[in-house]
Every structure is written in C-alpha cells, then in structure tokens.
Amino acid sequence: MVGPSKDYPFAPVSYFRTQEGKDVRVFTYEAAGSRRISLHLPTDLYFWEQSGQEIKQVQVYSSIGQAWRKQSGGRSRGGGGMGAAIRLEEDIQIPAEREELSRGLWQVLEGRALLWEEVCFWTKQWWGSSVEEETLRSLLQMMLLREQVRMLPGVRTPRVAWHWQCNRCGAAGNRLMSTPCARCNQFCLFCTHCTMLGKSRSCVPLFLFRPRPKENVRRSVTMRLPVLTGAQQEAACQSVDFVRNGVSRFLLWAVTGSGKTEVLMPVVRRVLERGGRVLWAAPRRDVVDEIAARMERVFPEEKPLAIHGERSWEERKNRLGSPLVTATVQQAWRFYRRFDLVVVDEADAYPLAGDRTLQMGLERATVRGGTQCWVTATPSPRWKKEAVKGKLSLVTLPSRYHGYPLPVPRLLRVGGLWRRLERGKPVEPLSSFFHRVLDTDGQALIFIPGTSDPPRLLKWIHHTAPDIAARTWATATGKEKERRDRVEAFRKGEVQFLIATTVLERGVTVPRCHVVVVGADHPVFDSASLIQMAGRVGRSPVYQKGRVLFLADVHTEAQKTAVREIKELNHRARQRGFLVVDEEENEHVPSE
Amino acid sequence: MFLVSELWDKWFRSPEECRVCGSPLGGGVFAGEPHRVCNGCLERLEPICGGICRRCGRPMRTAGVCRDCLRRSRRELDVNRACFRYTSFTRDCIHFLKYRGQETLARPFGSFLAAAVEEWKWRGDLVTYVPLHPEKYRERGFNQAELLAREMGRRLWIPVRSLLIRVRSTSPQSRRNRSERIRELQGSFALSDLGKRLLRTNRRILVVDDVYTTGTTLNECAKVLKDGGASRVDSVTVAR
Ligand SMILES: [Zn+2]
Ligand SMILES: [Zn+2]
Ligand SMILES: [Zn+2]
Ligand SMILES: [Zn+2]
C-alpha cells in the first residue's frame with residue numbers, strides 16, 4: 001500500500017462535538033418491534049410519530065460501535081452500563097427545507113462508501129461551510145429512516161473476536177489494532193490497512209449510500225477512437241455481448257502490446273449510453289495517469305475523472321459527478337454499488353493479486369447485475385482452468401495491434417552461468433546478444449534476479465567485451481527515485497543498456513528493445529513475469545529486430561511454460577488470421 | 001498499547017509488511033522485529049549521522065553550535081536530539097501518523113527514538129511529551145507525541161508521565177514567522193497536577209515531540225518545566 005497521500009485534505013472536523021464535557025452522541029431506541037440506531041433523535045421522533053408509532057428505551061452511547069453491538073447482538077459487553085437511558089422532550093419540528101437538502105445530499109453521495117469525516121468534508125465542499133453538524137445529522141437520519149443509506153461502525157466488533165472486521169476494506173485479524181481512543185474515551189479498534197484513505201475505527205460511522213433508482217435513459221456519447229484491427233474488433237464485440245447479457249465477471253486475456261484499452265472503449269461507450277457509470281481501476285498511479293489521459297482523448301465530452309493519492313482535491317473538484325472514473329484499486333473502497341462496469345487493469349499485478357480486501361472493494365463498487373472485466377496479459381493458472389471449465393467467461397486477444405507475432409524467447413543453457421560470469425570466462429550467447437543489439441542499433445533491458453547481481457555482470461562485461469562496456473549503461477535497482485530517473489533516461493535513449501529486476505517487468509516500453517534474462521532459472525521469475533519481460537520486445541511495427549533471450553543453468557518449468565504459452569498465442573492468432581506479417585524466422589526452436 | 005496482532009500472530013502468520021510503506025517484507029530486509037521497516041524506507045528516511053549542532057541536533061558539516069542557536073539568547077531547553085532529517089518523505093510519514101492516524105507508525109518511530117536516546121547516553125528521571133489541547137486531542141483521538149514517548153519509554157525502561165497540559169489552543173504554526181510564533185505560544189502550556197507533584201523529586205526531564213522546526217514549542221515546554229522545578233530539560237524528536 002502506498003503511504004501518505006493528499007487526495008483528501010480533511011480539515012479536522014469537529015467530531016460529535018461534546019456538550020458541557022459530555023460525550024453524548026449515538027442513540028439506540030426501540031420502535032416498530034426492532035432496535036434502531038440514531039444520530040439525531042428528534043428526526044426519529046418526528047418520523048415515528050407520523051406513522052403513529054412510539055419510541056421506547058432510548059439509550060445513549062459515545063461510540064457507534066457499541067450502539068451497533070447493542071442493536072445487532074442484544075446485550076453489549078459490560079452489561080447495560082454503557083448506554084445511559086435518557087428521557088425525551090416533547091414537541092419536535094423538522095424544518096421543511098430539510099426535505100430538499102436531503103434529496104440534494106443523496107444525489108451527491110449516492111453510490112459512495114464514506115466515513116463520517118468524509119461525509120462532513122463532502123457536504124462542506126458542496127454547500128460551503130454553512131451546514132451545521134446538527135443539520136447534517138438530521139439529514140443523514142432522514143436518509144437512514146428511508147433506507148437510502150446504511151450506517152455501520154467503521155470496524156465491526158461483534159462479541160466473538162473472531163469476526164472483527166473493518167467494514168470499509170474487509171481487513172481482519174492482525175490488521176486491526178486496539179488503541180485507547182480519546183474520541184470515545186475507551187479502547188477502540190482501528191483498521192491499519194486502509195488508513196491512507198482516512199481512519200476507519202469502531203467509534204466512527206461508515207455510511208453506505210445506496211444508488212438512486214435509475215431512469216431508463218439513452219443518450220449519445222461521442223467517442224474518438226482510431227479504427228480497430230480485426231482482432232480488436234472481434235474482442236470488442238465479444239466484450240459488448242458479455243456486458244449486454246449481464247455477465248457478472250469476464251476475463252480479457254490480451255497479449256502485451258495488443259491495444260487492450262482501445263478494445264474496451266466500445267464497451268465503455270455502451271454503458272455510458274445507457275446512463276451507466278464506469279470505473280477503470282489500475283494497480284499503480286502511473287497507469288492511472290496514462291489511462292486517464294487516454295480517456296480524455298477518447299471521451300472528451302464525458303469529463304473523465306482520475307483519482308489517486310497524488311491528485312489533489314482541487315483537480316477533481318468540478319468533475320465529481322463524472323460517469324467515467326479512473327482510479328487506483330484502493331479507491332474502490334470509497335464506492336458502494338456505483339458502477340455498472342468495473343474494468344480491472346493488470347488484474348494479475350501487485351497489489352491486486354491475492355489481496356481479498358481489494359477484490360472485495362471492487363465487488364462492492366459494482367452495482368448488482370453489473371459487470372466486472374478483468375484485464376491481463378498473463379492470467380493465473382487458476383483463471384485459465386476456470387475459463388476452460390466454463391466457469392469464467394473469457395475473451396482472448398492473441399495478436400498485437402500491428403499484426404506481427406509475439407517474439408518467442410530463446411532458451412539457452414549455460415552450465416555454471418554465474419561462476420563463469422564471476423571468473424570472467426566467455427559466455428558466448430550473451431556476448432553475441434550484446435553485439436546483435438549494437439548491430440541492429442537497439443536498446444537492451446537486462447533482467448537479473450537480485451539487486452546484488454549487477455556488479456558481477458558489469459565486471460564481466462568490462463573484462464570480456466570492452467566495446468560494449470563503453471556504451472551507456474545504467475542500473476535500475478536502487479532507490480525508487482533513482483530508478484525512475486534511470487528508466488526515464490532509458491526511455492529517452494540516453495541509456496542503451498539498462499540492468500533491471502522484476503520490478504520493471506511491466507512499466508518500460510521502448511520501440512527498439514531487446515531483452516535478456518540472465519539467470520532465468522531463478523525462482524523470482526515465474527512464467528507470468530517472463531512473459532511480461534518478453535513482451536517488452538517488438539512493440540513497434542517498424543522495428544521487429546528485437547530478440548528475447550533466457551539464459552540459465554537449467555530449463556525450469558517457468559521458462560518452458562512461458563515459451564509454450566507465447567507460441568500457443570501466436571498459433572491462435574495465425575489460425576484466426578490476425579497476423580498481417582508472419583515471420584516464421586522469428587520463431588526459434590529452443591536449443592541446448 | 002495492546003496489539004490484537006500479537007494475539008493473532010500466534011495462529012495466523014500473514015506475510016510481514018513494512019511498518020512504514022506496507023510493502024511486503026521479502027528477502028534482503030532489515031528483519032529485526034523492533035523496526036520492521038523495509039530497506040527502501042530506511043534509506044529514504046535519511047538518518048542524521050556525522051556532525052550535528054551540540055544544542056539542537058541539526059545536522060551540520062562539522063560539530064559545533066549552529067547559527068540559530070548562537071543567535072538565541074534566552075534558551076530554556078538544554079539539548080535536543082533528532083533521528084531523521086526533515087525531508088519530504090519524513091514529513092509524509094509524520095503526517096501519516098499525525099493527521100491520518102496511522103498509529104502503527106508510532107512503533108517503528110518510537111523505537112528509532114529509543115535508539116537515538118540510547119546512543120546519546122541520556123541520563124535522567126522522567127520522560128514526558130508535548131501535550132495537545134483537549135479539544136484537538138478529542139478530535140484526533142490520540143496524541144502522536146504521547147504514542148512516541150510511550151513506545152520509547154517502554155523500550156528504555158524510563159517512566160513516561162504527562163507533566164504538561166495545553167491551556168490555550170494555537171493555530172497552525174507553519175504560517176507564521178518566529179517572533180509571532182513565540183508570542184503566540186507564550187503561556188499556552190502549564191504544569192498538570194501530576195507534574196507539580198512529580199517535579200519535586202524528579203529533576204531531569206526528557207520531552208518528546210515529532211518535529212523540531214524552530215524549537216519554539218519545546219523551549220516553551222522547557223520553560224514551564226524549569227519554572228516548576230526541573231533542573232535540566234532535554235528533548236528528542238523524530239525529525240529535525
Ligand atoms: Zn480497513
Ligand atoms: Zn474510539
Ligand atoms: Zn517500507
Ligand atoms: Zn543548533
């Protein structure tokens with residue numbers, strides 16, 4: 001999880017302001033046969049009086065967590081001592097203009113999952129600072145009574161500690177921390193997993209604003225998209241079909257450099273045309289920025305909104321209602337049944353892979369009956385298996401946009417590779433690879449398993465091939481900032497040879513690229529990362545001289561799987577007639 | 001501070017995460033439980049080492065006394081020490097703890113403070129911290145300086161007591177110049193009842209805070225403590 005961010009500049013909002021030093025702020029009462037929670041009793045009194053019901057057994061708590069436990073689980077811990085019974089005063093009036101305010105509030109906040117502070121922040125932004133806490137509580141309570149919003153404690157703490165869980169992100173267990181809290185004056189739990197979006201804790205309410213009932217609308221949406229290739233067209237059609245049929249989740253398996261973003265644009269348009277909303281979730285900020293820029297170009301009239309930690313509130317202020325949102329995956333925790341289509345970009349990448357809390361967030365951000373589209377170039381074996389069994393709908397895009405086949409890696413075995421490198425002995429395939437890079441006027445990415453390996457490699461090059469060593473070299477394994485600078489230099493062509501670890505397996509794309517993986521048998525290289533690394537090569541139609549080489553002591557299953565999968569995809573593309581130029585020469589047989 | 005995690009860890013060992021940035025701690029990691037901070041973060045925090053100002057702990061080329069300290073005539077605070085340079089990353093971390101409420105950060109930073117105090121060979125009687133105004137305290141739910149002090153005291157076996165209270169809330173410091181700040185802070189701290197009692201027997205005090213910018217706040221605290229009977233007041237901060 002990325003660290004601190006400035007996307008929500010909450011001014012500290014007075015939280016359940018105390019009156020005469022007493023923490024009096026969440027109520028429970030009994031009406032119409034069940035126990036309910038209230039933020040603002042007068043509103044409840046008014047509401048129940050109108051339907052001729054009576055409010056009984058009012059109790060007061062300093063924490064929503066306790067009130068919730070009282071409501072859902074009968075007796076709270078420590079007996080009845082925590083909630084103090086209070087007497088009600090008569091004669092309640094609700095100002096008429098609150099009706100309109102509450103309608104406005106719902107319109108702004110529908111489909112969002114927000115903590116109390118965030119609600120305060122939003123309302124302050126929306127109406128200026130004129131809304132008092134009392135009014136806001138009353139408005140929220142009206143919405144609660146009409147079931148336009150659900151209210152839960154930020155962290156749920158039922159009696160069985162086993163079931164303690166953050167209601168916002170779903171984290172549990174050692175991600176929750178119990179600390180003395182000056183807000184509720186007792187120990188309360190907070191979630192350390194989603195703190196960067198504001199602190200979710202058991203004494204703070206979390207509001208899940210339901211989406212408003214949707215009208216059946218049709219509108220026209222301008223889309224500026226270059227012409228799709230045959231393969232892209234076919235994938236786009238299939239995807240549109242899935243959305244039309246209300247498939248809840250499908251996988252778009254698109255090879256590196258296939259133009260997957262373009263493929264999904266017609267799908268996005270379809271959803272927008274029917275008044276729906278789209279969330280495009282990506283694992284990293286740089287991807288979000290890139291996609292957002294593309295959205296801006298394709299759907300200029302939709303005012304697409306981009307959200308991530310480094311984008312300030314000011315930047316997005318006047319686009320809050322936009323139906324087209326690009327965001328980092330963590331931001332999905334802030335939405336509740338808001339999006340008809342959720343696209344999950346690079347679904348197999350960190351941090352999304354294997355993180356149940358993020359998957360839960362994406363699930364919750366999707367409307368019931370909506371569609372999730374998971375996009376990946378390297379689906380996990382489990383997904384592939386599910387697709388084969390028919391449990392997971394699948395769209396395959398096996399060819400690149402320019403119609404050249406994927407470069408197939410050459411597997412080469414060199415006995416005692418690292419020992420040879422260390423002793424400065426010749427490693428013929430590696431030298432000839434470097435010479436080929438020079439001959440074809442290309443650039444090379446050299447992937448190595450660990451951060452401690454570059455010196456050994458550099459020493460070897462200085463020793464055995466001074467002409468190559470004289471070229472510009474850089475190592476992108478160190479500090480993050482340094483890494484970014486070096487990658488930038490590589491992109492600009494100032495650096496010809498870049499040594500990198502798996503961290504860079506996805507980000508870097510240059511037109512005249514060659515790739516070598518030195519020590520490809522190391523366990524850090526699984527087949528997915530090998531495919532990603534090979535996918536750096538041949539991205540530009542005008543430069544197809546790039547080569548991929550896997551050097552290793554032994555052939556591991558990962559290397560073989562990677563080669564097999566790439567060949568299979570090429571084969572499929574060829575069969576379906578997607579390859580414009582078919583260079584058989586490109587396909588090497590793995591040799592010893 | 002009771003950690004649910006300590007209980008859970010016995011049954012479910014989930015992969016360790018860096019306490020600062022949350023990235024998984026794989027191989028090649030500073031593995032000591034006291035910190036649980038990844039190498040990347042340790043590098044970016046930029047620990048202060050080498051020459052420092054004898055009085056305020058500011059990193060300098062050569063040891064000595066810095067210009068700011070020489071210029072200041074009335075100085076109640078004796079010595080300050082800090083762990084890290086106040087870089088943008090350190091600031092982000094402190095803000096994450098302070099404003100976002102990531103209380104888990106108190107643990108690594110508290111232990112960094114403890115290491116700094118140990119290295120400094122500070123000897124004294126009591127540790128205390130810069131208090132928050134009650135209203136702000138309730139808003140935030142916790143006091144970051146207190147968390148840091150408690151974590152540090154726990155590791156060093158020095159008692160941590162609340163000796164000070166804030167009687168007046170002040171607006172954010174960052175937007176004022178030095179003399180305005182001094183004027184505004186004057187009289188905003190006082191001794192707590194506990195402080196009045198404890199200062200009769202405990203004379204050497206260490207005050208904990210998150211950042212030392214101009215030292216105005218800490219100096220004001222030191223003044224109150226010395227008026228109350230302390231013979232020596234030092235301070236330690238995360239950033240300088
Ligand atoms: Zn959470
Ligand atoms: Zn609390
Ligand atoms: Zn870290
Ligand atoms: Zn100094």
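Mentor: Start with A:Cys188, which is buried at a relative accessible area of 3%. Buried stands for under 20% relative accessible area, exposed for over 50%, and partly exposed for what lies in between (1.4 Å probe, protein chains only). The model is predicted, so local features need pLDDT of at least 70 and side-chain atom pairs pLDDT 80 or more, while totals for chains, interfaces and linings use all residues. Residues are numbered from 1 along each chain as its sequence is written, chains are lettered from A and ligands numbered from 1 in the order written, and side-chain values use heavy atoms, without hydrogens and water.

Trainee: Which residues coordinate the zinc ion (ligand 2)?

Mentor: Donors are N, O and S atoms within 2.8 Å of the metal (3.2 Å for Na, K and Ca); water is not among the atoms, so sites may look incomplete. For ligand 2, the SG atoms of A:Cys181, A:Cys184, A:Cys188 and A:Cys203 coordinate the zinc ion at 2.2 to 2.4 Å. Their spacing along the chain is C-x2-C-x3-C-x14-C. A:Cys181 is also buried, at 4% relative accessibility.

Trainee: What arrangement do the four donor atoms around the zinc ion (ligand 2) make?

Mentor: Four donors are called tetrahedral if all angles lie between 85 and 135 degrees. Around ligand 2 the angles are 106 to 113 degrees, so the arrangement is tetrahedral.

Trainee: Which are the protein donors of the zinc ion (ligand 1)?

Mentor: They are the SG atoms of A:Cys166, A:Cys169, A:Cys191 and A:Cys194, 2.2 to 2.3 Å from the ion. The angles subtended there run from 105 to 115 degrees, which makes this site tetrahedral. In sequence, the donors of ligand 1 read C-x2-C-x21-C-x2-C. A:Cys169 sits in the loop between strand 8 (165–166) and strand 9 (176–181) of chain A, and A:Cys194 in the loop between strand 10 (186–191) and strand 11 (205–209) of chain A, so the pair ties together parts 25 residues apart in sequence. Strands (E, at least two residues) and helices (H or I, at least four) are DSSP runs numbered from the N terminus.

Trainee: Is A:Cys169 buried or exposed?

Mentor: A:Cys169 is buried, with a relative accessible area of 0%. A:Cys194 is likewise buried, at 0%.

Trainee: How many helices and strands does chain B have?

Mentor: Chain B has ten helices and six strands. Strand 5 (residues 204–211) of chain B has seven of its eight residues buried.

Trainee: Which strand do four bridges join to strand 5 of chain B?

Mentor: Two strands pair if DSSP finds at least two bridges between them. Strand 2 (residues 126–129) of chain B is joined to strand 5 of chain B by four bridges, and the two run parallel. There, B:Tyr129 has B:Val208 as its bridge partner. Strand 5 of chain B also pairs with strand 6 (residues 232–239) of chain B, in the parallel sense over seven bridges. B:Val211 stands opposite B:Ala239 in strand 6 of chain B.

Trainee: What do strand 5, helix 10 and strand 6 of chain B make?

Mentor: They make a right-handed β-α-β unit, with helix 10 spanning residues 216–227 of chain B. Right-handed means that, with the strands pointing away from the viewer, the path from the first strand over the helix to the second runs clockwise.

Trainee: How many of the residues of chain A count as buried?

Mentor: Of the 592 residues of chain A, the buried part is 58%. Chain A has 18 helices and 24 strands. For chain B, 55% of 240 residues are buried.

How values were computed
Four donors count as tetrahedral if all angles lie between 85 and 135 degrees; four count as square planar and six as octahedral if opposite donors are over 155 degrees apart and all others between 65 and 115; anything else is irregular.
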